[in-house]
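I opened my notebook for a friendly first look at a new structure. Here is what I looked up, entry by entry.

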Amino acid sequence: MDKTALFLQLVSKFPLMARVALLHMLQASPASKYQDLRTELIIAMLRSFLDVPKPKSITFTQRMLSRAPPIRGTIWTSKYSLPIPTEEDARAIHDILNKVIDELRDRDQPKTARIQLPEVLPVEAEWTAHRPGVPKDAKLPDIPEREKYAEMMKDVRTPTTVLYFHGGAYWLMDPATHRPTCRELAKRTGGRCYSVRYRLAPQNPFPAAVMDALVSYLGLLYPPPEAFHEPVKPEHIVIAGDSAGGNLSLALLQLIMQLQRSGTTVFWLGDERSIPLPAGVAVNSPWMEITHSSPSCVTNAPFDYLPGLEAQDKAEKLRDPCSAWPTNPPRMSMYVADDYIMHPLVSLLLAPSWRGAPPTYICTGWEMLADEDKFTAARLHAEGVSVTFEEYEAMPHCFAMLLKNLREADRCMEGWSRFIARVTKPTASEGGVDGDDDKRSTTRSTFTTIKSGTLEEKELDPMTLSPYTEEEIREKMRRRIGLKSVPATEGDVAKL
């Protein structure tokens, strides 16, 4: 978009800005009691740009939002493509993914459902770390990617490795759009991020992204000889992501756990390999349920910039067609075939069990996805998982990445990175200091709400965090799939 077009777009928003400002001054909008005027205006503007009556085509939007900005300033980026070593390795990935998908089949899926597995392909990623001591406009040195990685590692202070999956509803964004987030996590933990360019829908529906995630994790644990990095110990890896990337993070975890439940190994680089659990999982505003059937998708709309469900449904019917969408035959979701919408690797709220999972961090705001995030955190805790849950009062979806000047955003990034650093902290046997803090598996659960503005912290009761049972959630999903638009009822109002 050129400067003139952008200016005209902003001018057209003046009536909206005036209305929001007036309601804020009168304390007449839901958000005005919690957010300052600047924050409420930004959220309203973001919502207006996203809530368009006739969206551009999928391929056009993908091109617009996947443009790589210049890499400058205090960041290292080294691009790497993980090859698939042999045809035998590719067949093994196919076999185990097909096995797990079949074993985890949900009871509400049609018995005739059959998944078409994609080709196993090399997976691109970006190694990212903090680059201290350079100007804000510093360019990366003009050297090969392998040498960039070697220079990057000179600035990495800890063994912490974040396997990162970007958000974007599974059809948007790229590691390039999430470089600032990965750099910030690397800076605060002293480690590095491995940000994966997984295949996007609708061109590559489920389970392509899950396959790429599995291959990336294998590549960290058991890298091929020509890789930039040495093998990474699982106790130094945290799987992390935001929004759809949070869904993918927990789908990968569920896949690993199912392999462990069944005692399945994977043939990779000429050997049968076990796939151990990572040190932890850390997800920001994860999208846990693909149908958007949670009541907070309606009731929390005033605090979020994401368009409401009714507006989304209407807009999608008018979206410009392209070669990628709508598909033939048509399907409801860009990400997944209709028969697999309720599969536990797609809608993680239906996962059979989280018992035995590593420590998990989940943060959310007063956003449309809040109910599913709360339910997930409460369920993990009930099944014996160490959970760090943080709820940010009146904050929208993934606010820490968009509203970086807010104190709440800094607090969120600090909580996120502090968890990652803690669960990957070296134990005494690895050269760390002996003590209780070194016992990763015994970290107790904490559930906290962070007040807007003051950052006052209040403890939450995980037993009352989510008012819904799994069966109630399942029924809401069934209704949403069947009716496509189910308004929230009086009894569905989310508890904020």
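These entries cover a pocket, a cavity and some salt bridges.

**Ground rules.** I am working with a predicted model, where local features need pLDDT of at least 70, side-chain atom pairs count only at pLDDT 80 or more, and totals for chains, interfaces and linings use all residues. Residues are numbered from 1 along each chain as its sequence is written, and side-chain values use heavy atoms, with hydrogens and water left out.

**Pocket.** I looked up the second largest pocket and found about 480 Å³ of space in it. A pocket here is an open set of points on a 1 Å grid over the protein atoms alone, with protein on both sides within 12 Å along at least five of seven lines; lining residues have an atom within 4 Å of a point. The lining counts 20 residues, and Pro-180, Thr-181, Arg-183, Glu-184 and Lys-404 lie nearest the centre. Helices H7 (179-189), H13 (399-402) and H14 (407-423) each give two or more residues to this lining; helices are DSSP runs of H or I with at least four residues, strands are E runs of at least two, and both are numbered from the N terminus. H7 gives the most, with six residues.

**Cavity.** How many cavities of 30 Å³ or more does the structure hold? I noted two, a cavity being a set of grid points where a 1.4 Å probe fits but cannot get out. The second largest cavity has a volume of about 60 Å³. Its lining includes Glu-289, Asp-371, Tyr-468 and Lys-476. Helices H12 (370-382) and H15 (470-483) each give two or more residues to that lining.

**Salt bridges.** My search of the whole structure gave 31 salt bridges, each a side-chain nitrogen of Lys or Arg within 4 Å of a carboxyl oxygen of Asp or Glu. Arg-199 and Asp-212 meet in one of them at 2.9 Å, N to O. Arg-199 sits in the loop between strand E4 (192-197) and helix H8 (208-221), while Asp-212 is in H8, 13 residues apart. Are these two buried or exposed? Both are buried, that is, under 20% relative accessible area, with exposed over 50% and partly exposed in between (1.4 Å probe, protein chains only).

I then checked Lys-451 and Glu-393, which pair at 3.6 Å, N to O. They are 58 residues apart in the chain. Lys-451 is partly exposed at 26% relative accessible area, whereas Glu-393 is buried at 9%.

Technical notes: Grid points are joined across faces, edges and corners, and a volume is the space filled by probe spheres set on the points.
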